[in-house]
Amino acid sequence: RDIKRIEIPLPPLPEQKAIAHILGTLDDKIELNRRMNATLEGMAQALFKSWFVDFDPVIDNALAAGNPIPDELAPRAEVRRQALADGTANREAAKAFPAAFQETEELGWIPEGWEMKPFDTLAKLDTTSIKPFEQSETVWEHYSIPSYDSSGMPSWDRGDEIKSNKYLVKPGAILSSKLNPETERTWWPFMMDEKTSICSTEFMQFVPHNKEEQAFVYSLIRSDPFQANILERVTGSTGSRQRAQPKQIAEIEIIDCGEHLRAEFIKIALPLFQSIRNNSLRTQTLAKLRDTLLPKLISGELRLPEAEQLTEEALT
């Protein structure tokens, strides 16, 4: 009842509609950026799956050379035969891959010459702690679970608003949630300021030994086999108490394709991720502008022509 009686400044209806149009324009662009990023992300993950999960180039080479295909890969080989027949297989990219398979105890058949290695030979688990509340005036770029779930963008919080320890986000790091990992949360931080970027301790932070391999490490963590391995290393009961064990995740056995093939993947995937980064940074700018404009327009502090100009500048 009390809320109903609160007095608020209310612009005339035509002005309300004009304000709604301005904010709606920003929302439309934010949504378009989100869809573009989802498409780009899907393209990168599809390439990773084709090369390093389904082993398509290796199957293509084996078929072309007349080498045997393991029984467990026979269904995929039928798909690749069709791709080779209709010319959709990338024969040029396949040249960098082997043309046969070898059997391993851990994962069955893998490409010839590839090795099984612990994940931490590719990326190091980092738990460098920081107390942002000790720097109360600093504004922190805060990668939290709620921020990931709500917008996929970090929040900007003053130190005196953050009550617990955090991890300092390192350059090149990839974040993966250890909280309730059945909901995948893998985050590539596009940091505005590396000195004031922090993340929740509910994230596992993996820093590639070679910073240029960030795109590969991100795609590996997001892949279905790696996520299945995370779920096998969960402790706690059902619900909010389930957590992955970071040290165990760091020791997961992965299939190492070698530095050259990782570089070949990065050559194709990195431009996709760079476009995602640019779209994400634009989205952060647009979201901040939208949230700033609304109270100023309602209060009359900012007039419609000024808001329209700011919006046009932000969109271009």
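1. Is Asn180 buried or exposed? Asn180 is buried, since its relative accessible area is 15%; buried means under 20% relative accessible area, exposed over 50% and partly exposed in between, with a 1.4 Å probe and protein chains only. The residue sits in the loop between strand E9 (174–177) and strand E10 (186–187). Helices (H or I, at least four residues) and strands (E, at least two) are DSSP runs, numbered from the N terminus. Asn180 is not a glycine, yet its phi is positive, near 45 degrees.

2. On the basis of the values: this is a predicted model, in which local features need pLDDT of at least 70 and side-chain atom pairs count only at pLDDT 80 or more, while totals for chains, interfaces and linings use all residues. Residues are numbered from 1 along each chain as its sequence is written, and side-chain values use heavy atoms, with hydrogens and water left out.

3. A positive phi also occurs at Phe55, again not a glycine, with a value of about 60 degrees. Most residues other than glycine have a negative phi. Phe55 belongs to the loop between H1 and helix H2 (56–65). Its relative accessibility is 5%, so Phe55 counts as buried.

4. Glu15 lies in helix H1 (residues 13–52). Apart from neighbours within four places in sequence, Glu15 is in contact (heavy atoms within 4.5 Å) with Arg303 and Leu304.

5. Leu293 is part of helix H9 (residues 259–299). It counts as buried because its relative accessibility is 2%. Beyond its neighbours within four places in sequence, Leu293 contacts Ile22, Leu23, Leu26, Leu302, Ala307, Leu310 and Thr311. Leu304, eleven residues from Leu293 along the chain, has its C-alpha atom 9.8 Å from that of Leu293.

6. How do H1 and H6 pack? Their axes are 10 Å apart, at an angle of about 80 degrees. H1 is therefore roughly perpendicular to H6. Axes are lines fitted to C-alpha atoms, for helices over the stretch in contact, and angles run from 0 to 180 degrees between N-to-C directions. Angles under 35 degrees count as roughly parallel, over 145 as roughly antiparallel, 65 to 115 as roughly perpendicular and the rest as oblique. On the H1 side the residues are Glu41, Gln45, Phe48 and Phe52, which meet Phe216, Tyr218, Ser219, Leu220 and Arg222 in H6.

7. Helix H6 (residues 214–222) also packs with helix H7 (residues 224–231): their axes come within 5 Å and cross at roughly 60 degrees. H6 and H7 are therefore oblique to each other. Leu220, Ile221 and Arg222 of H6 make this contact with Asp224, Phe226 and Gln227 of H7.

8. For the chain as a whole, there are ten helices and 15 strands. The C-alpha atoms fill a box of roughly 80 × 45 × 35 Å along the principal axes. Of the 316 residues, 44% count as buried. Among contacts between residues at least 6 apart in sequence, 73% join residues at least 24 apart.
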